[in-house]
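Work through the exercises below with the sequence and the structure in view. Each task is followed by a solution in steps.

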Amino acid sequence: MYRILIADDEKDERNVIRFLLKKFNFELEIVEATNGKEALAHLKEQPTDILFTDVKMPFIDGIELATKVREFYPEIEIIFFSGHDDFDFIKKALSLKADNYILKPIKPTEFQNTIQTVLKSIKNNEVQKDFFKKSILQRLLNQTSINTLENDYVSMDLSFLNDYSRIILMRFEEPFADKLSKEADRLYFYEQIKTVIPKYALDLVELNPYNIVLFFKHKSNTLVPYMQLAEKIQKLVLSEYGVNCYISVSNEFSTPSEISAVYDELEEYIQDCFFYDDTYICPINSSEKDNKQNQEEDEYQLQAILKAIQYVDSEKLKQHIDILLQKYEKKVNRSTSHVYVRFLFSRLLQMLYQEKLSYNKEAINKKIEAIYSFKHFSEIKDTVTYVGDEVIKKIKEAEDSPKHVIEVVKQYIDENFGEDLNLNLLAEKVYLTPGYLSEKFIQETGTGINKYIKNIRMKNAERLLLSTNMKVSDISKNVGYQNFSYFCRSFREYYGNSPDKHRLIQRKKNTT
């Protein structure tokens, strides 16, 4: 709601103006002053949109009042009214950018037209000012310096930039502008945001269909309330529009020159969010980050242990088991919960039992129950070490068998399928003659080495076709085929379709 200050030393005149404002349903906050001095005091205390002032008043007349007001409110709308149809007064009024001058007694129609004109001017100025403000903020986010902005917007007061103390970046998983195709939809959304956070003064800038930035004017050294606001906004967007929105909250800053750097930091925070399931508010808590990284490291060790068992490699198996045990024995990560540690080593026991020991569900359940009841990590270590040693013993026995040699060859093929592979090369790797290796490979796997190599290459080719946008020619080289035509022919024999057609068919299936 706009504010109008009526300055006149005659109460009846003020009452007439108030009456006419209500008669014509102008929604304005009305403030009155009985003279120029009182009016000036009011104006210094509170910003006002319209000054409706008599020319002749005690202490400070209307012309002097307008002159002083223009010093701190350059854009205020001024309407003079007076019983003196004096050309000198009119000239002075016009020089003060007062485009409106009403003579007493006031004519209702003239009054109505004047107020409508003034309100329209205010709204137009606001729209224009808002446009330039958002343009300035967008350029500031895009690394434009304050000096450049000051040179480009010489006639505009950029002091509003000092009001901001924190920004929030909203990034949507799909073009949110499609949901707000009409201007009315946009305005409604902006009002929804303000409803969720009513105590916070802010400006909203839409950068593109995927990104919206909120500029906060509220001063607070605490990040927590803003994280809570972000959570409310995220839930609003999801419930009202069915769109997931990642929200990044900045730390407080003190000068507008910091804004572009702060925005870059917000984008980095959001990149972090993508690596955490069901996490939409950032920055991520540092302890949560540490735990996530910790768990990823542990998962790597578990997969390495599983691979060592599958490839009958006792040395690597012992190495990776020891890494896990030593890590938690030294309590590298003290923030890790006891429940997680018990779960981790329960999984390790299941791997060891299922892969190489005669699997007994009752026996493994007892071991896992024991892990959850132990009072000290040393007891978990003793149990895992005992079972691990048993598995390592069995693997060492298997390492001397022909089956182990075949597992080594299979592992080499699985890890180097993109290289030039042939029987002679593989035989050299395990110190056997090509003929003996070929015979033992067929005995152990039921298929020849060349066919096994082709199977591995075809499966990896299909994986790359369906999970990436790589060119088929690049995929051919990636899986070990330098001859593109030969690759396409082999692929068609294996899958029944050309690589391009296979990609198209499978992707259509996945989208239906």
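A salt bridge here is a side-chain nitrogen of Lys or Arg within 4 Å of a carboxyl oxygen of Asp or Glu. The model is predicted, and a search of the whole structure finds 19 salt bridges.

**Exercise 1.** Find the salt bridge partner of Glu75 and state which parts of the chain the pair ties together.

Solution. Step 1: Glu75 pairs with Lys129, with the closest N and O atoms 4.0 Å apart. Step 2: Glu75 sits in the loop between α3 and β4, while Lys129 belongs to helix α5, so the bridge ties together parts 54 residues apart in sequence. Step 3: Glu75 has a relative accessible area of 56% and is exposed; Lys129, at 45%, is partly exposed.

**Exercise 2.** Decide whether Lys327 is buried or exposed, and locate its salt bridge with Glu297.

Solution. Step 1: The two side chains meet at 3.5 Å, N to O. Step 2: Lys327 is in helix α11 and Glu297 in helix α10, so the pair links parts 30 residues apart in sequence. Step 3: Buried means under 20% relative accessible area. Lys327 has 15%, so Lys327 is buried, whereas Glu297 is partly exposed at 38%.

**Exercise 3.** Describe how helices α18 and α20 pack.

Solution. Step 1: Their axes are 11 Å apart and meet at an angle of about 95°. Step 2: Angles of 65 to 115 degrees count as roughly perpendicular, so α18 and α20 are roughly perpendicular to each other. Step 3: Residues making the contact include Met458 and Leu465 of α18, and Phe487 and Tyr494 of α20.

Technical notes:
Residues numbered from 1 in each chain as written. Predicted model: local features only at pLDDT ≥ 70, side-chain atom pairs only at ≥ 80, totals over all residues. Heavy atoms only, no water. Axes fitted to C-alpha atoms, helices over the stretch in contact; angles between N-to-C directions. Helix = DSSP H or I, 4+ residues; strand = E, 2+ residues; numbered from the N terminus. Parallel < 35°, antiparallel > 145°, perpendicular 65-115°, else oblique. Contact = heavy atoms within 4.5 Å. Buried < 20%, exposed > 50% of the residue type's maximum accessible area, 1.4 Å probe, protein only.
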